[in-house]
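Visitor: I would like to learn how to read a protein model with a ligand in it. Please take me through it.

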Amino acid sequence: MKITSLFENKQKTVFSFEVFPPKKTSPIESVYGKLEEICMLRPDFVSVTYGAGGSGGHSRTCEIASKIKNDLGVESVAHLTCVNSTRTDIDATLADFRAHHIENILALRGDYTKGVRPQCDFRYASELCAYITRQGGFDIAGACYPEGHLEAKDAVEDILNLKKKVDAGATHLISQLFFDNSLFYRFLEHTRIAGVNVPIEAGIMPVTNRAQIERMVSLCGASLPAKFSKVMQRYESRPEALRDAGIAYAVEQIVDLIANGVDGIHLYTMNNPYVARRITEAVSSLL
Ligand code: FAD
């Protein structure tokens, strides 16, 4: 199933998850139990990251996306980055995706790796989108950044670049995580003014431990509203309370987003079935 068709039903908010493959040093089967639990929650689709956090190349992404779709019966989206790939590498990955009946790709540039010279066949995600569009057969999603991408000169430039990605074939966008819904609403307004008219899912990260906050903020630059920081500070030395507070914060964000008519919620599950279940149970009747 092509993911974009999910957004045609305007009566329902799309609800999707993100998972990641295990690190190269762990057997792939080590995540199967968690994936089964996560898929039992019946999200509209599950996306699988590519090469992020030391999880290796495309084969693990392909294998996990295939497992989710073909064994666990939930539609999957395979992430695909291009910054370190040649056209031949991308062709091989697309062939692998096709062989596993994967129909949906989140086309990304990826981050530069220290000490690794980037390849030059694809400089931006929009070039990868255009290439996959020309090949045909895949539904393409792209990433977007409510607070602007870290490398962008300003928000205007970033949104104009986002428009290039959509013009190149991305038919749905998934946002970077954020903790302040008002920033997402402002971003939506700006994208619509710029003529970006595809569905945009809001990326929600339930923060459940202190290390996660620091890592996320340093990686993606999401700003922390005072309300969020106060909650996290109050419970930082009580892991269970911090986890519950993180879940409650994410649920509150989601309720507000749904009430404001968001196209979809994309939950960064961090491969944590417990957290995914708590949030799903809290919001499923609202979608
Ligand atoms: P692009 O859209 O290419 O944008 C990158 C920068 O280039 C931006 O500053 C943009 O404004 C600028 N730009 C774009 N087009 C042009 C142009 N034509 N001319 C000049 N400047 C331009 N990383 C992984 O490694 N694996 C993953 O699985 C993964 N999944 C992600 C999922 C989501 C939902 C998100 C939001 C991010 C994900 N990332 C992942 C991180 C992502 O790879 C990084 O944020 C990366 O730095 C940018 O990727 P992009 O596809 O957004 O790049």
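**Reading the ligand site**

Guide: A polar side-chain atom of Y145 lies 2.7 Å from an oxygen atom of the ligand. This is a predicted model, in which local features need pLDDT of at least 70, side-chain atom pairs count only at pLDDT 80 or more, and totals for chains, interfaces and linings use all residues. Residues are numbered from 1 along each chain as its sequence is written, and side-chain values use heavy atoms, with hydrogens and water left out.

Visitor: What is a polar contact?

Guide: A polar contact is a pair of N or O atoms within 3.5 Å; within protein, one must be able to donate a hydrogen and the other to accept it, and residues adjacent in sequence count only if both atoms are side-chain atoms. Here, an N or O atom in the side chain of H149 is 2.8 Å from an oxygen atom of the ligand. For Y50, a polar backbone atom is 2.9 Å from a ligand oxygen atom.

Visitor: How much of the ligand does the protein bury?

Guide: Accessible areas come from the Shrake-Rupley method with a 1.4 Å probe; for residues, only the protein chains shown count as cover. Taken alone, the ligand exposes 980 Å², and the protein buries 85% of that.

Visitor: How many residues surround the ligand?

Guide: A residue is near a molecule if one of its heavy atoms lies within 4 Å of it. In this model 24 residues surround the ligand, and the closest are D111, Y145, H149, D158 and K165.

Visitor: Which element gives the most to the shell?

Guide: Helices (H or I, at least four residues) and strands (E, at least two) are DSSP runs, numbered from the N terminus. α5 gives the most, with four residues. The protein has ten helices and eight strands.
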